[in-house]
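Please keep the sequence and the model in view while reading.

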Amino acid sequence: MNTNKEILQEKEYTILNLGPTHPATHGIFQNVMKMDGELIVEAQPTIGYIHRAFEKLAERRPYNQITPITDRLNYCSSPINNMGWHMTVEKLVGIEIPKRVQYLRVIIMELARIADHIICNSVIGVDSGAMTGFLYVFQWREFIYEIYEELCGARLTTNIGRIGGLERDFTPLAWEKIHKLLNEFPEGLKEFENLLVRNRIFMDRTINCGPITAERALEYGFTGPNLRAAGVDYDVRVMNPYSGYEDFTFEIPLGTNGDTYDRFMVREQEMWQSLSIIRQAVEKLEKMEDKTTFHADVPNFFLPEKEDVYNTMEGLIYHFKIVMGETEMPKGEVYHAVEGGNGELGFYLVSDGGRTPYRLHFRRPCFIYYQAYPEMVKGAFLSDAILTMSSMNVIAGELDA
Amino acid sequence: MSSLTQEYITEQLQSKFGESIQSMEMLHDFLTITVEKNSLKPLMKFLHDDETLNFHFLTTLCGLHFPDEAAQFGIMYQLHNMPANCRIRIKSFTNDSEPVFETMSDIWPAANWQERETHDFYGFRFHGHPDMRRILNMDSLVGWPMRKEFPLEDPFRGDKDDKMFGR
């Protein structure tokens, strides 16, 4: 528990190296901690252990080849990153996406949000000593990965969708699995909540653990569930709706203390909201007359069917142009943000008309809010520092880009 | 959409920083303002402190490099006024080969690591920054990797030069 006790300076301190590889940090982070017994006096984070120079790589890759790079940012919710990137390019080019495709994308993005929050919340449980819940809900994450597999063929680094739409329509099996998730996951999630939400040990461990005030969180550039846990109702899906989010009714769960328990609860509630959004999307799609569109009509960006490539001149020409990067790109600069699993994921793209971005900058939410970590754990116990870190949902791939 | 109008912002900035503003334009949905380097910090402070403008949130910042321009190095900031849901982009360029910008980390602590990242990538220094070290790359790296002249791969490969990327 963060006791914020005054720490005497004359003491002899211990320097403790937490990480880079440590079973309790869930990723490659190093923190050199100055300890007064079990209390943290100072933490010095070192990051960059898995830096892969994504921004530099992106300057040498055609637009469609950047999608796999975005997979590897927040790999717990790759589809959101993929969609965010597609929408950025679509904004630059000015592609209008049909409603059906937008709703299909919403379903994918909300599935990804659930998968992300499942990991983060169950890991908070693990770090406070409750392994069981983690094992229960991981089966559901696995199930969501099965849905991804049906939608795009991949599970973790999905590369889902294409510029201009989706690579393929949802298959009947995918729909079946989505309906199964909608029907059966609430029970599993409820079971998970019953294990933790009012659990005395869990509450004692997490309430007042690593708190941050709303003012401080805003100054530190917090976004996503971490900011909402502090009581600020900022959600990109509502503030700057994209992909048809304006058509959905959902609530933004809020916390008050910005501590580990609030962050846990905000994510927990968000999963229920995501389920409701998916349900609404399925209903909207069922009512829609259009049952087949899965991409916009943009032959310059969307690969034609293989059959057309072999049998028609236009198909062959477009295929060649896309693969060889002969498509005209407009000049300009755009910023597009999506609500990622852990905050506002932004893409700042400068195009000079070349085949590759001239400059691509990722606004990576956890890189920005992880700066607050030393301040949040100062004066706390080491075991609380571990919990605070897992509740912040810091993903190494996104942190280091 | 937002209660803070573009006209109001441009008017306010024109009256305060008229001389030093080089351009104001709408790029897609973003009001983008290019300002002289010397006025960058006062302008940012004004945007942050003014009660109506109230750009209290620093969304992101990053470096820019245009080797063919006279002022080749630049920096871009994006600010957000959440209550009014208004976003703004500020840019500033310099022809200095070793640019030094004023730090924004005293206004927005969020700028701390992002400025370190920009330093790491472009070699810019931020005057007044509390901890100006590399952040993502190793300390022994020579050069500034995001500058355009820094080769991503073997620079003699003919299949990977600029004309292959439509430039």
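Two strands are said to pair if DSSP finds at least two bridges between them. The model examined here is a predicted one. In chain A, three strands form an open sheet in the order β1-β2-β3, with antiparallel pairing. Its edge strands are β1 (14–18) and β3 (39–46) of chain A, each of which pairs on one side only. From one strand to the next, the twist averages 20 degrees.

Strand β2 of chain A, residues 30–36, is joined to β3(A) by seven bridges, and the two run antiparallel. Within this pairing, Asp36(A) stands opposite Leu39(A) of β3(A). A helix also belongs to this part of the picture: α16 of chain A, residues 382–391, lies across β1, β2 and β3 of chain A. The direction of α16(A) is at about 150 degrees to that of β2(A).

Attention now turns to the spaces in the model. Where is empty space left among the atoms? Rolling a probe the size of a water molecule over the atoms shows this.

The largest pocket has a volume of about 700 Å³. Its lining comprises 32 residues, and those nearest the centre are Lys91(A), Asn240(A), Pro241(A), His336(A) and Asp29(B). Both chains supply elements to this lining: at least two residues each come from α3 (78–93), α4 (99–127), α10 (236–239) and β4 (331–339) of chain A, and from α1 (6–17), β2 (30–35) and β5 (86–94) of chain B. By residue class, the lining of the largest pocket divides into 16 nonpolar, 10 polar and six charged residues.

The second largest pocket has a volume of about 490 Å³. It is lined by 23 residues, of which Arg60(A), Lys148(B), Glu149(B), Asp162(B) and Arg167(B) lie nearest the centre.

The model contains three cavities of 30 Å³ or more. The largest cavity holds about 50 Å³ of space. Its lining is formed by Ile108(A), Leu151(A), Ile160(A), Gly161(A), Leu166(A), Glu167(A), Arg168(A), Asp169(A) and Phe170(A). These residues of the largest cavity divide into five nonpolar, one polar and three charged.

Key
Residues numbered from 1 in each chain as written. Chains lettered and ligands numbered in written order. Predicted model: local features only at pLDDT ≥ 70, side-chain atom pairs only at ≥ 80, totals over all residues. Heavy atoms only, no water. 1 Å grid on protein atoms, 1.4 Å probe; cavity = no way out; pocket = protein on both sides within 12 Å on 5 of 7 lines; lining within 4 Å. Points joined across faces, edges and corners; volume = space filled by probe spheres on them. Helix = DSSP H or I, 4+ residues; strand = E, 2+ residues; numbered from the N terminus. Nonpolar A, V, L, I, M, F, W, Y, C, P; charged D, E, K, R; others polar. Axes fitted to C-alpha atoms, helices over the stretch in contact; angles between N-to-C directions. Contact = heavy atoms within 4.5 Å.
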